[in-house]
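Thanks for coming. Please have a look at it first.

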Amino acid sequence: MNRRTTLASAIALTAGLALAGCSSDSSDGKPDLKVSQAFMPQPVSADMAGGFLVVKNDSKTADKLTKVTSDISDDVTIHETKSQKMQEVKSFDIPANGRLDLERGGSHIMFMGLKKKPKQGEKVSIELHFEKAGTVKVELPVKESTYNPKHH
């Protein structure tokens, strides 16, 4: 092998490794999801509550939130609000290089038939179930009943 061929091969290999390092998809092809801004307002009723959070997808692979589970309730569903009406949905899309916002007045997690009423300062454990990324455990800090991160 001459010097020019060796240099060209080294440059090609380095470029290939650099490009591979730039990919934000994990080596197993799963989306790179990060959860932030999670909270539950202290419930005003003893039997139901809402949960809110942001899921950011820093990858080229879209995903779906398909289910939420928690030991605080056996009846946890996901809802969207359209035209001032709340309705249960089967899943939420999380676009590639995008985000899912579950926020007051919009899409959210609904906890029915609470086993105990969480109080401000406590944390509620939930598991987010994604179609491709699998299960992600999240702690929802319980905030005052009027809490809205847009105003804090």
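I start at one end of a strand pairing: P41 has K143, in β10, as its bridge partner. Strands here are DSSP runs of E with at least two residues, helices are runs of H or I with at least four, and both are numbered from the N terminus. β1 and β10 pair in the parallel sense over two bridges, and pairing requires that DSSP finds at least two bridges between the strands.

Before going on, the conventions. This is a predicted model, where local features need pLDDT of at least 70, side-chain atom pairs count only at pLDDT 80 or more, and totals for chains, interfaces and linings use all residues. Residues are numbered from 1 along each chain as its sequence is written, and side-chain values use heavy atoms, with hydrogens and water left out.

Now the overall picture. Of its 152 residues, 35% are buried; buried means under 20% relative accessible area, exposed means over 50%, and partly exposed is in between, with a 1.4 Å probe and protein chains only. Taking contacts (heavy atoms within 4.5 Å) between residues at least 6 apart in sequence, 70% join residues at least 24 apart.

Back to β1. Its other partner on my list is β2, residues 48-57, which runs antiparallel to β1 with five bridges between them. The two make a hairpin with six residues between them, and S36 has V54 in β2 as its bridge partner. Also in β1 is Q37, which has a positive phi of about 55° without being a glycine. Most residues other than glycine have a negative phi. Q37 is partly exposed because its relative accessibility is 49%.

Which residues form the aromatic cluster? They are F39, F52 and Y147. Rings of Phe, Tyr and Trp (its six-membered ring) pair if their centres lie within 6.5 Å; planes under 30 degrees apart are stacked, over 60 edge-to-face, and the rest tilted. That rule gives two aromatic pairs. F39 and Y147 are edge-to-face, because their ring centres are 4.8 Å apart and their planes are at 80°. The charged end of K143 sits over the Y147 ring, 5.2 Å from its centre; the criterion is NZ of Lys or CZ of Arg within 6 Å of the ring centre and within 35 degrees of the ring normal.

Next, the core. A nonpolar core is a set of buried Ala, Val, Leu, Ile, Met, Phe, Trp, Tyr and Cys residues joined through side-chain atoms within 4.5 Å. The largest one has 27 residues, and L53, L65, I109, F111, I126, L128 and L140 have the most contacts inside it. Strand β9, residues 123-130, gives the largest share, four residues. Leaving out residues up to four places away in sequence, L128 touches, among others, V35, L53, L65 and I109.

Last, two loop residues. S107, between β7 and β8, is buried, at 18% relative accessibility. S83, between β4 and β5, is exposed, at 71%, and has a positive phi of about 50° although it is not a glycine.
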